[in-house]
Structures are given as C-alpha cells and as structure tokens.
Amino acid sequence: MPERYRSIVDVHVILHRDGEILLLERQGTGYCDGMLHLPSGHLEEGEPVPHGAAREAREETGVLIDPGTLTLAAVVHHRQSPGHARVGMFLLAETWTGEPVNTEPHKCGKLQWADPHLLPSNTIDYPAVGIRAWLEQRPLALHGWDGVETVR
C-alpha cells in the first residue's frame, strides 16, 4: 500500500492597511532572493493555522496579531515541483499592534507597502496567486499544476 500523501502547510499573512499590503524582500535564503513575498512560513506541529500566521507575522515584522481577528482570505494548492506540493493558507489581518519593521535582516532586505491590485513585477508567483484569489473572492486557487485550471 502506498504511503499516505502529506503536504507542507504554509501560512501567509496579508497585512492590509489604507488600501496597501505589506511585502518583504527575500535575501540570503537561497529561495527567490531579491523577490517580494508576504510575511509567511510553515505551520509547526500542533499549531492552529491562525496562531501560526500570527507567530510568523510577529517573527518577521514585529507586529502582534490576535489570532482570533484573522480571517481566511484564500487557500492555494501550490505545486513547487513534481513530488513537492504545499497548501498555502492566506489570512487577512486588518488590525494589529505595532508598526511593521524588518526583524529578520538576515532573511529580508526591506519591507515594502504595495497596492495589491498592482503588485510589483518581482512579486513571487505563489503569493501573488493567493493575493489575487483574495481580491477576486475566490476561496481556492491552484498554482503550478500543469494543465489544471484555477478553481473557484
């Protein structure tokens, strides 16, 4: 019998303020360095999704988010490569405590506020798909699955 399929669960935080969202420039990680991404990371063992999202936002930007205030913006089933897929949970934060700062300068070059409707050209495709799904109010989107269209 084949082993049961397992997937990494990513949590992405859309910090939304005054019509803009916060993006972080990746640096020194070996993955898409120089490109923009949302505050994000992997869910830890035994951690509920909203708590993981709030933790990642705090670790990367220093803001404090009450997990109970986060709302599910979209889910993206992302296929990074054959045999390597992940589920991205995109959560919307419209309230938090503190001003975002770069708390991980060894992983992040800068923070940048951007209009989510006009994402910078160096935004990584995977989070861009989640942002577009949120804007279009599509609860589920697919990315990287050859020949499979995005679903609603």
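Predicted model: local features only at pLDDT ≥ 70, side-chain atom pairs only at ≥ 80, totals over all residues.
Colleague: Where do nonpolar side chains tend to be in soluble globular proteins?

Modeller: They tend to be buried together. Here the largest nonpolar core has 18 residues. Ile14, Ile21, Leu23, Leu38, Phe90 and Trp134 touch the most other members.

Colleague: Which elements give two or more residues to this core?

Modeller: Strands β2, β5 and β6, and helix α2. Helix α2 gives the most, with five residues. There is also a second, separate core of 17 residues, and Leu24, Leu70, Val75 and Leu91 are among them.

Colleague: What is phenylalanine 90 in contact with, leaving aside its neighbours within four places in sequence?

Modeller: Its contacts include Ile14, Leu38, Val76, Tyr126 and Gly130.

Colleague: How is a pair of aromatic rings described?

Modeller: By the distance of the centres and the angle of the planes. This structure holds two such pairs. Phenylalanine 90 and tyrosine 126 are edge-to-face, 6.2 Å centre to centre with 85 degrees between the planes. Phenylalanine 90 is in strand β6 and tyrosine 126 in helix α2, 36 residues apart. Both residues are buried.

Colleague: Why is the pair of tryptophan 96 and tryptophan 113 stacked?

Modeller: Look at the angle. Their planes are at 15 degrees, and planes under 30 degrees apart count as stacked. The ring centres are 6.4 Å apart. Tryptophan 96 lies in the loop between β6 and β7, and tryptophan 113 in strand β7, so the pair ties together parts 17 residues apart in sequence.

Colleague: Is tryptophan 96 buried or exposed?

Modeller: Buried, at 17% relative accessibility. Tryptophan 113 is partly exposed, at 24%.

Conventions: Residues numbered from 1 in each chain as written. Heavy atoms only, no water. Core = buried A, V, L, I, M, F, W, Y, C linked by side-chain atoms within 4.5 Å. Buried < 20%, exposed > 50% of the residue type's maximum accessible area, 1.4 Å probe, protein only. Helix = DSSP H or I, 4+ residues; strand = E, 2+ residues; numbered from the N terminus. Contact = heavy atoms within 4.5 Å. Phe/Tyr/Trp six-rings, centres within 6.5 Å; stacked < 30°, edge-to-face > 60°.
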